[in-house]
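Please look at the sequence and the model first.

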Amino acid sequence: PGDAVAAYSPLAGFYRERLVVPAASAVRAPRNVPLADAGVLLVSAATAYQALVDVAAVRAWQTVLVTAAAGATGTYALELA
């Protein structure tokens, strides 16, 4: 068996044990995090990215205020911003 991975695939649905995705959509799951939790981290990161890049269209020179960054999505927004 290979390494455990988590992948984000908006078209395929979630909570699957096996799924075919492009290699660029998969990342090695951290060994110290349960696999189900590793998948949730990807959803939080994708949500933050979509909010900053796709919705708000934030650019490198802009200042961003992230409020209520106590959860996973807010934490990722801080890192990405």
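## Overall layout

The protein chain has two helices and two strands, where helices (H or I, at least four residues) and strands (E, at least two) are DSSP runs numbered from the N terminus. In sequence order the pattern of the protein chain is β-β-α-α. The structure is a predicted model, in which local features need pLDDT of at least 70 and side-chain atom pairs count only at pLDDT 80 or more, while totals for chains, interfaces and linings use all residues. Residues are numbered from 1 along each chain as its sequence is written, and side-chain values use heavy atoms, with hydrogens and water left out.

The C-alpha trace of the protein chain spans about 45 × 25 × 20 Å along its principal axes. Of the contacts in the protein chain with a separation of 6 or more, 51% are accounted for by residues 24 or more positions apart; contact means heavy atoms within 4.5 Å.

## Surface and burial

Buried residues make up 14% of the 81 residues in the protein chain. Buried means under 20% relative accessible area, exposed means over 50%, and partly exposed lies in between (1.4 Å probe, protein chains only). The protein chain exposes about 6400 Å², with carbon and sulfur atoms supplying 59% of it. Accessible areas come from the Shrake-Rupley method with a 1.4 Å probe, and for residues only the protein chains shown count as cover.

Tyr49, Val53 and Leu80 make a nonpolar surface patch of about 260 Å². Patches are made of residues with over 30% relative accessible area and no salt bridge: like charges are joined within 9 Å, and nonpolar side chains (Val, Leu, Ile, Met, Phe, Trp, Tyr) within 5 Å. Val53 is placed in helix α1, residues 35–55, and is partly exposed with a relative accessible area of 30%.

## Residues of helix α1

Ser44 also has its place in helix α1. Is Ser44 buried or exposed? Ser44 is buried, at a relative accessible area of 9%. Apart from neighbours within four places in sequence, Ser44 is in contact with Ala72, Thr73 and Tyr76.

Val40 lies in helix α1 and is partly exposed, with a relative accessible area of 44%. Val40 and Tyr8 are 32 residues apart in sequence, and their C-alpha atoms are 9.4 Å apart in space.

## Residues in loops

Val20 sits in the loop between β1 (5–7) and β2 (26–28). With 81% relative accessibility, Val20 counts as exposed. From Val20 to Trp61 there are 41 residues in sequence and 37 Å in space, C-alpha to C-alpha.

Ala57 is found in the loop between α1 and α2 (72–80). Ala57 is not a glycine, yet has a positive phi of about 55°. Its relative accessible area of 31% makes Ala57 partly exposed.

## Charges

Side chains of opposite charge can pair when their charged atoms come close. How many salt bridges does a search of the whole structure find? The search finds one, a salt bridge being a side-chain nitrogen of Lys or Arg within 4 Å of a carboxyl oxygen of Asp or Glu. Arg28 forms a salt bridge with Asp3, and the closest N and O atoms are 3.0 Å apart. Arg28 lies in strand β2 and Asp3 in the segment before β1, so the pair ties together parts that are 25 residues apart in sequence. Arg28 is exposed, with a relative accessible area of 58%, whereas Asp3 is partly exposed at 45%.
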